[in-house]
Amino acid sequence: MDDGPSIAAQFARFGPAYRWWVTLTALTGTISCILSSTIVVVAQPDIVGALGMGQEEGQLLSTGFLAANTGFMLLNAWAVERFGFRRTYVVSIGMFLLASVVAGLTNSAAVMVAARVAQGGAAGLLQPLSMQLIFLVFPPERRGTAMGMFSFGVVMAPATGPALGGVLVDSFSWHAVFWLSLPTAALGLVMGCVFMPGRVSGRAPRAFDWLGAVLLALSIGLLLSGLTDGQHHGWGADRVVAQLVGAAAATLGFVLWQGLGPSPLLDLRVFRHGGFAAASLVAFIYGGAIFGSTYLLPLLVQGVQGYTPTRSGLILMPAGMAVALVFLIAGRLADIMAPWLPVCTGLALFAWSSWLIAGVGTDTAFWSLAMSILLGRIGLGLTMPNMNVGGMRALPPALFGQGAGAINFCRMLGGAFGTNLLAVFLERRTQLHADMLNAQIDGGSATLEARRLLENLYAQGGLPEVIRRDAAHDFMTRMVEAQASLMGFRDAFVLVAVVCLLAILPGLTLRQRPR
């Protein structure tokens, strides 16, 4: 495959409509990847059970995807500079298609995790490419609107993905969720061969930063493994300490090398621009909030409220549809006002939504919970386009490629860490509440009275006396576990709310006016 024509040649061939054709092409590929990431959420309990995966392996289905997505985002600027938009896009889509087929066919836990990592890597290469193209083909005064239109399409995937995934799991099996994104990915592959341009820069491409790539992989991989293993093997275990110390050393080495190396994966010059640095910090927290809450919600409604996969997917759909419309408005706002107001408003709304979800109970009505989720997604819809445009607006055009990769890297890095840390926090808080409640089972007049009532009910049902006491204790233990789980989820959403409120502080500095 050749590098492809220049952007000027594509405009000459397709006219002014080319900017929309190439945006639609980028959108088609990105939707496929995002659909794959969100549709698996509701199928995860079935996949874990069918493949006999432990909790650590099951967690890797989400964190492995996010970690690979995060790392590969920094390869985007080099790949586009070295191979051009067309080759980078087509190879990424091809890798995603192959990984999706493997995931849909496998019955091996190890192969499934590897396929999810490959899917994440392909998605990581694609997402910064889309933002970079928008900033290259649209004039400055229309970039916010274009970003809003692009975000509108992107958010339709997570809006419909969980619901479609639930229907597929209930109607067929978990294998089917990996087939849904194949048609759009194949369409994106064809469109990429037609509309994607080649290399933009005429200068010789820089060398690949192999040392930076190795240090980045070690940093992310060791840290996520340490956080996961620490919960199960103890934070003082030699294995966990070695992982965390290794992650710290690799992170320090990566940062130092990116500042000294001749061709860094992450050009640290972008963070010298205060507006971009603030937007990147907001993006990090934004990623943790959106991916972490998306990880928690299906577990909450399936594990605590007993929803089916279809019903747990449907509860996310109203929020997704609403936020898709908000993206259109938010994109227009980015063209006419400073980003700080919609960004801070959006973060405050998401914090409020998380606080409302923290009050959920086993008897919370479907639409009450759905409206609480919708409120938060509207907030994130206001935040994302303005955060991206505000950050990129602070950079000179020469740093657009690095900036697009860096801000998406920060968002996905926040998503990977946020999901992992929330999973650890949820498990620790659930265990803490369980220990406290179990202590109450062994004493107290109310507990003894409840046990006597249960034993009387079992006696009326004809249960032999010899097993009544054990049956009553077992019932109360299961009730304690359910209550502890609910309380753990409440604590986790309170934490999300607090972190989003803290993100308003850097958001207040995003005061770049449209040019």
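Leaving aside neighbours within four places in sequence, which residues is S219 in contact with? The close-ups below start there. This is a predicted model, where local features need pLDDT of at least 70, side-chain atom pairs count only at pLDDT 80 or more, and totals for chains, interfaces and linings use all residues. Residues are numbered from 1 along each chain as its sequence is written, and side-chain values use heavy atoms, with hydrogens and water left out.

**View 1. The surroundings of S219.** The contacts of S219 are A247, A250 and T251 (contact means heavy atoms within 4.5 Å). S219 sits in helix α8, residues 210–233 (helices are DSSP runs of H or I, at least four residues, numbered from the N terminus). S219 counts as buried because its relative accessibility is 10% (buried means under 20% relative accessible area, with a 1.4 Å probe and protein chains only).

**View 2. The largest nonpolar core.** Here 116 residues come together, and M196, L296, L300, I315 and I373 have the most contacts inside the core. Such a core is a set of buried Ala, Val, Leu, Ile, Met, Phe, Trp, Tyr and Cys residues joined through side-chain atoms within 4.5 Å. Helix α10, residues 274–303, gives the most to this core, with 14 residues.

**View 3. A closer look at I315.** Not counting residues up to four places away in sequence, I315 touches V301, Y307, F366, L369, A370 and I373. A second, separate core of 19 residues includes I39, V48, A103 and V169.

Key: Buried < 20%, exposed > 50% of the residue type's maximum accessible area, 1.4 Å probe, protein only. Helix = DSSP H or I, 4+ residues; strand = E, 2+ residues; numbered from the N terminus.
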